[in-house]
Amino acid sequence: MGGVNRADDGTGGVGGMRGGGGWGGANLLALRSHNTALVLDLLRTAGADGISRLELAERTGLTPQAVSKITARLREDGLAAEAGRRASTGGKPRTVLRLVPEAGHAVGVHLDRDEVRVVLVDLRGTVVEERRSALDLGAGAEAVLGAVREAVAEVVPTGLGRAALLGAGLALPGPLDHARGVLHRVTGFPEWDGFPLRDALTGRLGVPVVVDKDTNAAALGLAAGGEGGSFAYLHLGTGLGAGLVIGGRVHRGARTGAGEFGHQVIQLDGPPCTCGDRGCVEALCLGAVARGDLGEAARVLGAGAANLVGLLDIDVVLLGGRTVAAAPEAFVRGVGAVLADRARRTGQDAVPVRLAPGGGRTVAAGAAQLLLGPVFGREVG
């Protein structure tokens, strides 16, 4: 997609400091202009080798003058730097520019039912700090918010200076309202229903906060990391959910309700589930895990995955979450076997099943992309 050539290059300012007692730095939120995002994303993907201004103009569709204004501002604010010179077809060698990853950071928080994991990532999404501690999601809002703030404080170094903290992305079990940052009746924790988590945490941290479901955040991070096509990320930990990427975009649904994968009923009058229904995939799967029958757990998970493949015709199934991480081969093999059986019946190619990269930090790192994505022009909403 090309840039918008206007007299105003649209770079915005990068010098505002945040008040309210929170962490401050250069206000990278002001960088969310179309043209600047195009340039920043090309600098990011160019890596350490860098890219010339002429190449930036050719690939964005912007005029060389507009590119020069944008890159000058980015260099002034410490977001871009020279990466050397490259021979040209004529005239003097071209100066190439690169992104300065340490010039900005974002926090990603994975708030689970029994623990909180926090990461600090740079502009490339590389994790530079990480903390993990026990937490009881049922302990009440004050205790939970205090624990999150304490964990965030541990990963954010003092005196960031111009290395901006864009904000914090918070991911937790749903259902919730992503747009308003308000929780609904979180499965097993009805006391959170209607709680304005985004606004409450923004007040505690003093930086912008974005809230999303854990599975959506993980799917976003996987897509930003290069996972292409349409895929489903199945997260089996203390619960079971799915993050869906369709046509390159995270599919949340009109009410952020997409991906409540664990609460599809596959056994009428089956064992009760924490959601109030019976025979849900989550209840059957976690019940088998509790009995030590990982083969049955994988078979149940595979049955749910096969339903998803039949409905959405996705390209790949990715597995993650602490329960999967404890026995990855058993789950990849078991789910893959169910999908292979389905493929034989339908005459189609089997949808591959892989372990999601990132390990235990997949959700937290994905939550940080809720802040990084818009800076580089990537859709996250």
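Buried denotes under 20% relative accessible area, exposed over 50%, and partly exposed the range in between, with a 1.4 Å probe and protein chains only. The model is predicted: local features need pLDDT of at least 70, side-chain atom pairs count only at pLDDT 80 or more, and totals for chains, interfaces and linings use all residues. Residues are numbered from 1 along each chain as its sequence is written, and side-chain values use heavy atoms, with hydrogens and water left out.

View 1. A salt bridge requires a side-chain nitrogen of Lys or Arg within 4 Å of a carboxyl oxygen of Asp or Glu. Arginine 198 is partly exposed, at 25% relative accessibility.

**View 2. Salt bridge of glutamate 142 and arginine 204.** An N to O distance of 2.4 Å separates the two side chains in this salt bridge. Distant parts of the chain are linked by the pair, 62 residues apart: glutamate 142 lies in helix H4 (residues 141-155) and arginine 204 in helix H5 (residues 197-205). Helices here are DSSP runs of H or I, at least four residues, numbered from the N terminus. Glutamate 142 is exposed, at 56% relative accessible area, whereas arginine 204 is partly exposed, at 27%.

**View 3. Salt bridge of arginine 131 and glutamate 129.** The closest N and O atoms of this salt bridge are 3.3 Å apart. Arginine 131 is partly exposed, with a relative accessible area of 30%, and glutamate 129 is likewise partly exposed, at 33%.

How values were computed:
Helix = DSSP H or I, 4+ residues; strand = E, 2+ residues; numbered from the N terminus.
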